[in-house]
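Subject: Structure handover

Hi,

Here is the structure we talked about. Please load it before reading on; my notes follow below.

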Amino acid sequence: MFRRVHNLRPRCFATANVSARRLASTKTLKETLQEVIPAKQEQFKNIKAKHSQTVVGDVKVENIIGGMRGLKAMLWEASVLDPYEGIRFHGLSIPDCQKQLPAAPGGKEIIAESMLWLLLTGKVPTEAETRQLSRELAEKGDLPAYIEHLIDSLPTSLHPMTQLSMGVAALNHDSVFQAQYEKGMKKSEYWEYTLEDCINLIARLPALAARIYRNVYRSGSDLPAINKDLDLVGNYSNMLGYGANHDLTEYLRLYISIHGDHEGGNASAHTAHLVNSTLSDPYISYSAALCALAGPLHGLANQEVLRWQLAMQKELGDNITHENIKDYLWKTLKSGQVVPGYGHGVLRKSDPRFIALQEFCDTRPDLLQSPTIQMVKKTFEVAPGVLMEHGKTKNPWPNVDATSGCVLYHYGLTEFKYYTVIFGVSRALGALTQLVWARALGLPLERPKSISMDVLEKLITTSQNP
Ligand SMILES: CC(C)(COP(=O)(O)OP(=O)(O)OC[C@H]1O[C@@H](n2cnc3c(N)ncnc32)[C@H](O)[C@@H]1OP(=O)(O)O)[C@@H](O)C(=O)NCCC(=O)NCCS
């Protein structure tokens with residue numbers, strides 16, 4: 001089970017300054033942030049000074065015993081999730097982003113760099129800014145040799161998410177935030193070093209994630225070198241071994257961009273935020289977030305959907321009718337399982353990310369012919385009705401995972417245990433950019449008050465008999 005891979009790639013221990021290189025007359029990400037931060041700091045200072053005691057909501061017992069659902073108790077600048085409309089990134093819906101954010105040269109889909117720029121600065125980047133960021137990420141993308149050795153020493157039977165989390169945690173060896181903290185940096189500088197760590201981590205994630213894939217599923221075959229002229233996901237696809245498949249690369253670009261952020265309260269983003277609030281560096285904060293993402297109710301759902309769809313396909317054979325899918329749905333529910341890919345903690349309508357991925361499928365004849373994709377469509381036509389009749393879930397509509405893994409499967413990326421790793425590469429965009437804002441705004445250590453059931457009952461009694 002343990003294996004070694006000969007390291008043929010360059011070593012890189014140095015952490016160059018963020019945005020050290022620039023195209024002529026193009027603002028860097030850091031310069032853009034330096035421009036937008038003061039106004040946000042002023043807004044925050046104003047809210048804190050004038051409204052700290054203003055009541056903006058109630059805490060109900062259901063919030064306390066129900067996983068804090070619906071409790072508005074966290075600041076998150078990058079995106080806001082409306083239960084019916086879905087996600088907006090700094091006010092832009094997914095279709096807005098598809099119209100406005102730059103794509104890769106020769107591509108049509110949003111790329112990670114343009115989404116990263118938007119999430120971090122609230123501004124739509126120009127083509128030149130996007131290309132400059134792509135180059136910066138490519139230049140910083142090589143893994144240090146010690147990380148390669150660490151990953152290569154792991155048993156291939158270890159879940160890819162565990163490997164990813166370990167690799168990300170170990171990258172903190174190079175954390176500039178931690179190094180500067182030890183030197184006694186000023187609080188006002190926290191965000192700058194957080195930014196540097198976050199950019200370095202985002203840059204290195206594709207090589208780390210691809211190395212895990214190659215080790216686990218491709219006998220440790222060598223990865224191609226990072227192409228400095230390619231975008232982050234273009235390089236990721238190349239390193240995975242799928243670079244020649246333009247459609248898959250485009251799909252990965254779209255999926256990774258629109259899946260990058262989904263408010264702050266989801267388990268992975270919230271974990272990164274919580275851990276980083278202790279001033280742990282971004283690497284170990286995001287490593288913890290990946291552990292949250294690895295749960296079946298969160299990031300593992302895409303692999304669960306595919307497992308479920310394939311089992312249904314096997315059982316139904318050629319009889320893929322609405323009636324048979326309905327029966328299979330009921331069988332799943334009656335055996336006490338959830339229908340994977342349906343329901344959501346906040347959404348109460350079909351997830352616009354699901355819709356965007358379906359629209360992608362609609363433009364590709366081969367995807368329209370795929371039995372797995374056809375099954376996703378047919379399931380969508382009956383599952384909401386069955387779930388409504390079942391009457392438990394507050395949201396009978398599909399979420400992004402109802403389709404995400406099935407498209408990867410069609411394109412030959414069939415190792416579904418790996419799908420959450422791709423999600424992990426994506427979620428870094430939102431979770432990490434918001435660490436920069438948390439430090440820029442000086443958000444404190446997160447520390448909610450917990451209570452016992454006895455205390456809760458006393459509070460209930462007092463509230464009923466004031
Ligand atoms: C996403 C999810 C975890 C949200 O959970 P939640 O916020 O507790 O959802 P609800 O408030 O609607 O849950 C109420 C009840 O409906 C059930 N329910 C929710 N989604 C369901 C589904 N897809 N199939 C069957 N039952 C479901 C819950 O298990 C819960 O049952 P309980 O009262 O016996 O505990 C849940 O919908 C789920 O498990 N979905 C399937 C997994 C999935 O697709 N995850 C990816 C999310 S992006």
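Helix 9 (residues 190–217) packs against helix 13 (residues 282–293) at an angle of about 55°. Their axes are 9 Å apart. On the helix 9 side, the contact is made by Thr194, Asp197, Cys198 and Leu201. Helix 13 contributes Pro282, Tyr283 and Tyr286. By class, the residues of this contact are five nonpolar, one polar and one charged. Bear in mind that the model is predicted.

Next, the domains. Which stretches make up domain 1 and domain 2? Domain 1 takes in 84–297 + 421–440, and domain 2 covers 301–416. The centres of domain 1 and domain 2, taken over C-alpha atoms, are 27 Å apart. Where they touch, domain 1 supplies 18 residues and domain 2 supplies 19 residues. On the domain 1 side, strand 2 (86–89) and helix 11 (246–258) are the elements that give two or more residues. Helix 11 gives the most, with six residues. That side of domain 1 has 13 nonpolar, four polar and one charged residues.

Now the annotated site. UniProt, in an unreviewed entry, places the feature "active site" at His298, His344 and Asp401. These positions are spread over 104 residues of sequence. In space they cluster, with a largest C-alpha distance of 10.6 Å. Where does histidine 344 sit? Its place is in the loop between helix 15 (322–334) and helix 16 (352–362).

Best wishes

Technical notes: Residues are numbered from 1 along each chain as its sequence is written. This is a predicted model: local features need pLDDT of at least 70, side-chain atom pairs count only at pLDDT 80 or more; totals for chains, interfaces and linings use all residues. Axes are lines fitted to C-alpha atoms, for helices over the stretch in contact, and angles run from 0 to 180 degrees between N-to-C directions. Helices (H or I, at least four residues) and strands (E, at least two) are DSSP runs, numbered from the N terminus. Two residues are in contact if their C-beta atoms, placed from the backbone, lie within 7 Å. Ala, Val, Leu, Ile, Met, Phe, Trp, Tyr, Cys and Pro count as nonpolar, Asp, Glu, Lys and Arg as charged, and the others, Gly among them, as polar. Domain bounds come from an automatic or database domain assignment. UniProt positions are given in the numbering used here, feature names are shortened, and annotations may be inferred rather than shown by experiment.
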